[in-house]
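Visitor: I'm new to this one and would like to be walked through it. Could you put it up first?

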Amino acid sequence: MPNYSWPPMEQRRVMGKRLARLDGAAKASGKAKYNSDVRPAGTIHGAILHCPHAHCRVRSIDTSAAKALSGVTSVRVAAEPGKEIMWPNAEIAFVAARTEEIAREALRLIKVDYEVLPHLVREENLAAAGSRAKPAGEVVTGDPDAALRSADVVHEGEYGIPVITHCCLEPHGSTVQWSGNKVEFWPSTQAISNVGGDLAKGIELAAGNVHAHMDYVGGGFGSKFQADLWGIQAAHMSKESGGKPVKLYLDRAAELTIAGIRPSVYGKIRLGAKRDGTLVAWDSLTWMTGGMAGGGLNADLLPYVFRNVPNRRVNHTAVATNTGAQRAWRAPNHPQVSFVTCAALDDLAAKLNMDPLDFFKKNANLTVREAVYVSQLDKAADMIEWKKRYHSRGDKTAGSMKRGLGLAVGTWQGGGHASQCRTNIHPDGSVEVELGSQDIGTGTRTIITQVAAESLGLPMNAIKLNIGDNGLPPSGASGGSTTVGGVASSSRIATLNALEKLFEAVAPSLGAPADQLEAVDGKIQVKGNPAKSLTWKAACAKLGVKTISENGANDQRNPRGLNAAGVGGVHMADVSVDVETGVVTVNKVVAVQDCGLIINPKLAEGQVFGGVIMGICAALMEERVMDEATGRCLNQDMEFYKLAGIGDIGDIQVHMDITPDHDKRGVVGLGEPATIPTIAAIANACTNAIGVRVPTLPLTPRNVLNALAGRRMA
Amino acid sequence: MQAFEYANPMTVKDAVALLGASWTDANVLAGGTDQLSLMKDYIHTPKRLVNIKNIKELAGIRKAGGNLRIGATVTLDELIDNREVRMAFPSLVSAARGVGSPQIKNMGTVGGDLCQRPRCWYFRNGFGLLAQKNGRSLVDDGQNEFHAIFSQGPAKFVSASSLAPALAALGATVTIAGPNGTRSVDVASFFVAPSSDQQREVDLKPNEIVTQVLVPMSGAKNASYEVRLKDGLDWPYAAAAVALRMKGSTVESARVVLGHVGPTPVVAEGAASALAGKSITEEVAAQAGESAVQGAHPLSGNAYKVQLAKTAVKRALMEAVKRA
Ligand SMILES: Cc1cc2nc3c(=O)[nH]c(=O)nc-3n(C[C@H](O)[C@H](O)[C@H](O)COP(=O)(O)OP(=O)(O)OC[C@H]3O[C@@H](n4cnc5c(N)ncnc54)[C@H](O)[C@@H]3O)c2cc1C
């Protein structure tokens with residue numbers, strides 16, 4: 001059996017290199033075709049009739065005029081009379097037509113009579129939630145009341161972070177062609193190996209009859225694991241339209257309202273410390289909404305990271321609102337609890353008159369990775385010149401621009417998902433690495449190719465990688481930051497298995513046993529003896545007409561040291577706040593992140609850049625705005641659903657914590673951890689600048705000026 | 001979007017003739033950056049679109065008597081790049097610079113910017129220009145963070161145009177062509193607060209076209225300041241434009257106009273007259289800001305905009321006198 005272990009750090013030739021992503025040019029030039037760009041011959045168009053009410057019952061629905069419109073090929077009712085509709089923009093009917101225009105016109109011809117029912121769409125006021133609020137029960141360790149009574153300093157605060165959405169640039173949807181008993185499926189997905197089966201289940205076909213394929217996806221962030229009702233209805237409409245491909249993608253309003261949200265978190269928090277800064281107690285009441293299901297929060301997440309505080313009480317309440325359902329959002333719930341926790345800790349530190357850097361370090365023993373956090377806090381502090389530039393709360397310099405520093409922490413599990421890979425070595429020397437994975441923008445293509453090139457001693461361009469098809473060896477969905485661990489391991493194993501076969505084939509010609517051979521610099525040679533070698537091509541020629549095709553799998557129970565789970569990270573922010581306008585500007589964010597063995601530092605940093613940018617959006621401007629009177633989302637567009645642009649993000653500096661200690665843990669994913677602490681770091685920096693806490697995010701002029709003026713939130 | 005007929009006239013006369021008696025008969029199409037969105041959302045459902053971009057008389061910027069004449073189809077980008085405009089009207093340049101994105105500046109026109117519809121999210125979501133439900137304002141108790149602090153009757157949206165406050169401060173007029181010839185209106189009075197959903201927020205009939213804007217070349221020092229959150233693709237939270245006729249370092253007469261705080265640009269006469277005879281210092285500018293927001297009546301959730309309007313006036317004044 002080959003030795004699958006990663007080569008030692010100093011011996012890696014391709015892994016660990018800062019290579020540019022393989023699909024960068026294709027994406028930047030527009031050559032990359034996303035599935036929403038794909039338009040197979042004969043494609044017709046689907047459109048969705050959305051419900052205008054937050055809560056209602058369908059009394060009757062009449063589709064006859066839509067059916068009669070010329071060019072319409074299929075009309076399907078998704079909400080039959082009697083059906084209760086629980087959120088605005090829920091799907092009522094689907095239409096397919098020759099053109100998108102006809103499909104949309106047909107929607108307007110569908111007559112629906114609704115019985116409007118009472119709704120609740122806003123959750124920030126828990127008292128108003130009534131029976132919609134479902135407490136999850138209290139979790140207590142130690143004696144929080146006694147600890148708070150005897151604490152030297154107690155801080156009590158309220159914090160809120162609103163619902164945001166995934167806002168994928170490429171909306172959810174797919175093109176589906178169902179003819180006979182075969183389905184061709186072009187979804188926008190994070191789970192190419194599973195999504196075909198999911199569609200098959202939805203349309204009651206055998207899983208093998210659905211062929212799913214996708215080269216590129218324009219963002220998912222946790223919201224694109226399923227075929228969804230949209231895929232299922234598109235399939236039916238294709239069948240009803242004589243097997244023509246039906247293209248059905250959500251429009252922006254639907255994308256922002258029914259394709260997934262990140263739940264809010266609001267909280268009242270009390271926490272106490274000894275005079276020397278030792279945190280002794282935490283008591284929180286949090287609530288959130290993730291739609292009609294309410295929204296659960298694992299009590300273990302509070303207080304975040306500083307989980308081993310000896311005395312804690314955690315109460316959480318889920319508020320069911322008539323809003324689109326939550327979906328996993330890049331590190332589900334972590335950014336919110338990071339904000340709530342790190343803001344409360346920062347406020348407590350201020351009350352203690354303590355520099356939060358010292359306070360966080362002092363309490364690092366309450367985390368499960370004390371040494372990591374302490375070193376990351378020190379590193380980040382160096383990068384942002386904390387010691388030189390930190391001032392106590394409230395920038396006292398004259399003028400309207402106030403500047404401040406803030407910090408926050410994060411953690412994530414990750415690990416490697418189930419992944420299978422097949423490596424083919426052909427007699428002509430060409431190599432294929434194949435797995436049913438997807439590159440969701442994280443650089444998966446590039447890192448698999450690096451692993452294969454490293455393992456075979458070949459240059460990157462000698463490897464042909466095939467991903468994005470459910471006919472390939474199945475690989476897990478890209479979620480939970482588990483892809484890199486899974487695919488790096490399976491491709492390492494499959495590739496070394498194939499190489500072993502090649503060694504066996506060439507061993508006789510090199511006059512050495514197979515296990516004495518190595519693949520280096522495009523050659524197969526006797527270990528340590530370049531003189532006794534064959535070029536890769538010559539070696540492969542020895543295969544005659546037989547292609548080597550070997551599999552490998554990441555065994556989640558025994559990852560063989562190739563991948564691991566669990567990381568920490570620290571972000572620090574430097575912001576300026578114009579106290580006359582409430583405009584917050586991010587000058588700089590520094591991020592220190594550990595992530596085990598790093599296959600490509602450039603791509604790893606890219607993940608952190610992206611994570612920080614998403615954090616900046618949520619800190620400064622992003623929120624879904626629901627209107628209680630109409631029950632509707634008022635900013636279901638990209639004009640008032642605000643996201644940061646290139647001019648809004650400031651300077652971002654990333655330090656990947658690459659050390660032999662981290663490296664020897666194997667590969668750990670980092671897509672999610674990278675986005676967690678940014679929000680809290682910026683919020684704390686804003687507080688440090690202006691001297692008061694802005695309790696509710698985002699840090700918009702309204703929220704900042706209200707806090708400065710001591711106005712309650714409206 | 002409702003299907004429509006497309007007309008492509010070459011003269012103002014033909015264009016006017018192609019328009020109709022009601023807003024659903026026909027709409028003007030300039031850059032289309034707003035009109036097409038309105039049609040996609042079924043807020044405008046014209047049977048005909050009348051493209052005015054091929055009408056030569058609507059193009060171009062030139063001196064005309066004591067005015068600079070800006071054609072209605074001049075794009076925001078042309079405006080920003082124009083030498084005369086840059087020399088004489090920095091307030092206009094800075095207002096135009098803030099608009100949208102390069103794409104919007106390339107397509108959007110001066111006439112279109114003045115005639116664009118409010119961005120009130122109730123209006124854009126189909127609840128009508130005044131956003132009322134059963135006779136009650138949805139805005140009053142609803143999500144009014146971006147709404148007016150100077151409401152006029154039932155109109156609580158804010159005027160969208162960033163050029164309007166600057167033009168109003170400069171004393172500009174718009175020329176309007178209709179079936180019975182042309183008429184001319186001060187920019188400040190071109191904007192009107194509607195009292196019903198059927199009315200418009202500009203003094204324009206369905207069969208009229210804005211043909212040009214005339215800006216007096218009075219030599220007044222001018223500047224505008226917008227409070228913006230994002231660097232691009234966003235709207236001002238509040239803005240102010242000022243024009244100052246100076247005698248040495250003393251203000252002879254002033255015009256101060258607030259933007260994005262009311263259903264029309266808000267001419268702050270009190271602030272303006274208080275400036276006369278003074279030289280602009282930080283303190284004087286701040287006082288002008290204070291008096292400009294006298295009479296502001298914020299809604300339940302936008303008290304913060306009072307502070308923004310104040311600041312915008314102060315900063316616009318400081319900016320105006322900073323220039324040589
Ligand atoms: C993201 C975003 C941000 C923006 N930010 C700003 C901003 O900060 N400040 C700002 O001022 N604007 C802003 N805009 C709006 C932009 O300036 C306008 O969309 C643009 O100026 C409209 O010009 P247009 O030529 O495209 O008009 P069109 O879309 O063609 O027309 C707009 C309306 O005016 C009517 N119309 C156009 N020209 C005439 C005419 N000559 N006579 C009579 N009626 C006419 C049309 O019938 C239509 O009703 C923003 C837009 C977007 C999308």
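Visitor: Which residues come nearest to the ligand?

Guide: This is a predicted model, where local features need pLDDT of at least 70, side-chain atom pairs count only at pLDDT 80 or more, and totals for chains, interfaces and linings use all residues. Residues are numbered from 1 along each chain as its sequence is written, chains are lettered from A and ligands numbered from 1 in the order in which they are written, and side-chain values use heavy atoms, with hydrogens and water left out. Of the 33 residues around the ligand (a heavy atom within 4 Å), B:Val28, B:Thr33, B:Thr109, B:Asp113 and B:Ser162 come nearest.

Visitor: And which element gives the most to that shell?

Guide: That is H7(B), with 4 residues; helices here are DSSP runs of H or I with at least four residues, strands are runs of E with at least two, and both are numbered from the N terminus.

Visitor: What does B:Arg228 do there?

Guide: A polar side-chain atom of B:Arg228 lies 2.8 Å from an oxygen atom of the ligand, while a backbone N or O atom of B:Gly32 lies 2.7 Å from a ligand oxygen.

Visitor: Switching topic, how many residues does each chain bring to the contact?

Guide: Chain A brings 35 residues and chain B brings 29, counting heavy atoms within 4.5 Å as contact.

Visitor: How many salt bridges cross it?

Guide: The rule, a side-chain nitrogen of Lys or Arg within 4 Å of a carboxyl oxygen of Asp or Glu, finds 6 across the interface of chain A and chain B. One of them pairs A:Arg702 with B:Glu145, whose closest N and O atoms are 3.6 Å apart.

Notes. A polar contact is a pair of N or O atoms within 3.5 Å; within protein, one must be able to donate a hydrogen and the other to accept it, and residues adjacent in sequence count only if both atoms are side-chain atoms.
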